[in-house]
Amino acid sequence: MTDILSIIIAVVAIYFIMKIAFKLLKVFLVLLVIGVLAYILMNYGFLSGLL
């Protein structure tokens with residue numbers, strides 16, 4: 001359940017970043033959100049079984 005919640009939060013964050021932020025800042029923040037999501041899923045979620 002927390003995996004799905006993390007993905008939903010990341011998608012919502014990316015949506016708001018796309019609407020509000022500037023272009024360079026937007027790219028940086030999107031990569032940051034994806035990185036944080038990958039980190040959370042690798043440590044606590046379903047990706048921990050893969051690696």
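Which residues form a nonpolar patch on the surface? In this predicted model, the patch is made up of Phe22, Leu25, Phe28, Leu32, Val36, Tyr39, Ile40 and Tyr44. Together these residues have about 900 Å² of accessible area. Let us see what surrounds them.

## The chain as a whole

The protein chain has 51 residues, and 22% of them are buried. Its secondary structure consists of two helices and zero strands. The accessible surface of the chain amounts to about 4200 Å², and carbon and sulfur atoms account for 81% of that surface.

## Helix 1

Helix 1 takes in residues 2-20.

Now look at which residues of helix 1 are hidden: Asp3, Ser6, Ala10, Ile14 and Ile17 are buried. Viewed down the helix axis, the buried residues fall within an arc of 70 degrees, so they line one face of helix 1. The face turned away from that buried side carries the exposed residues Ile4, Ile9, Val11, Lys19 and Ile20.

What do the buried residues of helix 1 pack against? Their partner is helix 2, residues 23-44. Ser6 of helix 1 gives you a place to look. Ser6 has a relative accessible area of 18%, and because buried means under 20%, Ser6 counts as buried. Setting aside neighbours within four places in sequence, Ser6 is in contact with Leu37 and Ile40. Leu37 is one of the buried residues of helix 2, while Ile40 belongs to the nonpolar patch we began with.

## Helix 2

The same length check works for helix 2. Its 22 residues should span 32 Å at 1.5 Å a residue, and its end C-alpha atoms are 31 Å apart, which agrees.

Here the buried residues are Val30, Val33, Leu37 and Leu41. They cover an arc of only 65 degrees around the axis, so they sit on the same side of helix 2. These buried residues pack against helix 1. On the face turned away from the buried side you will find the exposed residues Leu24, Phe28, Leu31 and Tyr39. Phe28 and Tyr39 are also members of the nonpolar patch.

Leu41, in helix 2, is buried, with a relative accessible area of 5%. Leu25, also in helix 2, has 41% relative accessibility and therefore counts as partly exposed. Tyr44, again in helix 2, is exposed, with a relative accessible area of 66%.

| Pair | Separation in sequence | C-alpha distance |
|---|---|---|
| Met1 and Gly45 | 44 residues | 9.3 Å |
| Tyr44 and Thr2 | 42 residues | 8.8 Å |
| Leu41 and Asp3 | 38 residues | 6.7 Å |

Leu41 is among the buried residues of helix 2, and Asp3 is among the buried residues of helix 1. Their C-alpha atoms are 6.7 Å apart. Tyr44, which is exposed, lies 8.8 Å from Thr2, C-alpha to C-alpha.

The remaining pair includes Met1, found in the segment before helix 1. Is Met1 buried or exposed? Met1 is exposed, with a relative accessible area of 79%.

## Putting it together

The buried residues of helix 1 line one face and pack against helix 2. Those of helix 2 also lie on one side and pack against helix 1.

Key
Residues are numbered from 1 along each chain as its sequence is written. This is a predicted model: local features need pLDDT of at least 70, side-chain atom pairs count only at pLDDT 80 or more; totals for chains, interfaces and linings use all residues. Side-chain values use heavy atoms; hydrogens and water are left out. Helices (H or I, at least four residues) and strands (E, at least two) are DSSP runs, numbered from the N terminus. The expected span of a helix is 1.5 Å times one less than its number of residues. Buried means under 20% relative accessible area, exposed over 50%, partly exposed in between (1.4 Å probe, protein chains only). The arc is that of the directions from the helix axis to the C-beta atoms. Contact means heavy atoms within 4.5 Å. Patches are made of residues with over 30% relative accessible area and no salt bridge: like charges are joined within 9 Å, nonpolar side chains (Val, Leu, Ile, Met, Phe, Trp, Tyr) within 5 Å. Accessible areas come from the Shrake-Rupley method with a 1.4 Å probe; for residues, only the protein chains shown count as cover. A salt bridge is a side-chain nitrogen of Lys or Arg within 4 Å of a carboxyl oxygen of Asp or Glu.
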